[in-house]
Amino acid sequence: MNVQLADAFGIRDAQTVNALRIREGKIAETGLNLTPEADELVVDGKGAFLSPGWMDMHVHLREPGLEHKETIKTGCTAAAAGGFTAVACMPNTLPPIHSRDVVEYIVNKSAALPVEVYPIGCVSKDRAGKHLAEMGDMKAGGAVAFSDDGDPVYNAKLMRTALDYATMLDMPVINHEEDLDLSRPGHMHEGRVSTRLGLAGTPSIAEEVMIARDILLAELTGGHVHVAHISTRRGVEMVREAKAKGIKVTTEVCPHHFDLTDEEIERSAFDTNYKMHPPLRTADDVEAMIEGLADGTIDAICTDHAPHSVEEKEVEFIYAPNGILGLQTAWSVVVKQLLDTGRMKLPQVLRCLIDAPRTILRLPVPTLEAGQPANLTLFDTTSSWTYSVASNKSKSRNSPYLDQTLKGKAHGIYNRAQWVPNDI
């Protein structure tokens with residue numbers, strides 16, 4: 001009751017419709033001031049927005065094999081608190097998601113959770129970049145895309161073959177765009193700040209060279225390349241140019257890449273929670289990410305949620321692993337950088353969180369229509385809340401936003417006939 005219905009197409013007139021009724025996990029009706037029935041749970045939205053459920057198409061749940069960092073259950077708990085009803089998990093687990101049995105393990109382990117988990121299978125066996133994984137078999141088990149994320153598909157011939165096979169399966173290949181010979185042993189963005197700090201840097205060109213290669217291979221094969229966690233201005237420009245030519249390329253961006261810059265590492269005195277890959281780049285790159293979102297060049301907003309234990313992160317900067325948490329803070333960063341600044345309207349943002357991820361992965365897009373499954377996110381753009389160790393739902397706590405007061409909150413999700421309120 002008392003909600004504003006919103007999706008990628010607009011915000012419904014609250015004088016016409018401000019409530020919906022759910023029965024047996026489906027939207028039974030929408031209307032104005034619906035009268036609750038005796039046995040119904042009433043959730044007062046207090047004027048907040050209600051949209052179809054959000055999806056994060058790039059997370060690391062760490063299970064199987066790395067459960068000391070995160071599990072499927074704890075990762076999904078964090079996702080629900082952040083407003084996400086679905087996630088797609090990357091395959092850099094132990095063992096990797098390189099065979100149907102591992103895909104099915106994840107599907108079965110998450111089947112009863114309110115957050116849907118879609119496994120992304122490996123491109124290559126063991127993510128070793130030498131031999132193609134069993135792509136068709138993994139699709140039959142429930143995989144929705146292919147990636148060796150954490151590492152690039154470095155061999156161009158293997159990438160071409162993967163695109164050929166993925167095209168026959170009507171699935172995207174998601175690549176971590178990095179020329180390893182150019183990037184390593186970089187620990188942050190290569191530029192003025194890395195020079196001042198005396199840290200080996202990863203230049204933008206290391207990402208851009210691989211994006212250029214994959215665009216050319218997509219053009220050659222007719223396959224769908226999805227550029228993971230884009231971070232450079234030239235990278236966005238190349239995707240924009242490729243789309244104009246009709247090449248099948250899509251891309252995503254993480255909130256930290258349109259919010260933070262490499263200067264945070266200097267300001268924080270080498271806080272390893274600012275260490276990630278791709279690294280935080282320049283203010284100009286941040287601006288390019290926002291421009292790319294606003295004009296539709298960048299399709300989706302994802303988090304690259306990458307949990308690491310305290311022991312792994314509390315070391316010297318050069319020894320710390322790359323990656324930060326993102327599921328619970330993503331919406332607040334979106335509010336701060338995209339909505340409050342006026343750079344994007346709410347329906348545009350919701351397209352990046354609801355429609356685009358599922359369209360890229362060939363999944364059904366939830367709607368607010370009667371008769372459809374109730375897959376919903378309740379949220380606002382104004383509430384203040386503190387992201388603390390106590391409010392953190394992940395098993396890890398490696399976030400640069402920890403102990404900050406943030407604006408904009410997901411109040412709960414409804415999916416798979418389960419209402420999950422956010423108790424923060």
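Trainee: How do the residues lining the largest pocket divide into nonpolar, polar and charged?
Mentor: In this predicted model, the lining of the largest pocket has 15 nonpolar, 1 polar and 5 charged residues.

Trainee: Which residues lie nearest the centre of that pocket?
Mentor: Of the 21 residues in the lining, Leu-20, Arg-21, Ile-22, Leu-41 and Val-43 lie nearest the centre. The elements giving two or more residues to this lining are strand 3 (19–23) and strand 15 (376–387). Strand 3 gives the most, with 5 residues.

Trainee: And what is the volume of the largest pocket?
Mentor: The volume of the largest pocket is about 540 Å³. The second largest pocket holds about 390 Å³ of space.

Trainee: What classes of residue line the second largest pocket?
Mentor: Its lining has 2 nonpolar, 13 polar and 7 charged residues. Among the residues nearest the centre of the second largest pocket are Asp-151 and His-176.

Trainee: Which side chain meets Asp-151 in a salt bridge?
Mentor: Arg-127 does, with 3.0 Å from N to O. The two residues are 24 apart in the chain: Arg-127 is in the loop between strand 8 (116–119) and helix 3 (135–141), and Asp-151 is in the loop between helix 3 and helix 4 (156–169).

Trainee: Is Arg-127 buried or exposed?
Mentor: Arg-127 counts as buried because its relative accessibility is 18%, and the cut-off for buried is under 20%. Asp-151, at 25%, counts as partly exposed.

Trainee: How many salt bridges does a search of the whole structure find?
Mentor: The search finds 27 salt bridges. One of them joins Arg-281 and Glu-207, at 3.3 Å from N to O. That pair is 74 residues apart, with Arg-281 in the loop between helix 9 (263–267) and helix 10 and Glu-207 in helix 7 (residues 204–221). Arg-281 counts as buried at 3% relative accessibility, and Glu-207 counts as buried at 4%.

Trainee: Turning to helix 10, which of its residues are buried?
Mentor: Asp-285, Val-286, Ala-288, Met-289, Ile-290, Gly-292 and Leu-293 are buried there. The buried residues of helix 10 pack against several elements, including helix 8 (233–244) and helix 13 (346–360).

Trainee: What span should helix 10 have?
Mentor: At 1.5 Å a residue, its 12 residues should span 16 Å, and the end C-alpha atoms are 17 Å apart, which agrees. Just after helix 10, Gly-296 takes a positive phi of about 85°.

Note on methods. Residues numbered from 1 in each chain as written. Predicted model: local features only at pLDDT ≥ 70, side-chain atom pairs only at ≥ 80, totals over all residues. Heavy atoms only, no water. 1 Å grid on protein atoms, 1.4 Å probe; cavity = no way out; pocket = protein on both sides within 12 Å on 5 of 7 lines; lining within 4 Å. Points joined across faces, edges and corners; volume = space filled by probe spheres on them. Helix = DSSP H or I, 4+ residues; strand = E, 2+ residues; numbered from the N terminus. Nonpolar A, V, L, I, M, F, W, Y, C, P; charged D, E, K, R; others polar. Expected span 1.5 Å × (residues − 1). Buried < 20%, exposed > 50% of the residue type's maximum accessible area, 1.4 Å probe, protein only. Contact = heavy atoms within 4.5 Å. Salt bridge = Lys/Arg side-chain N within 4 Å of Asp/Glu carboxyl O.
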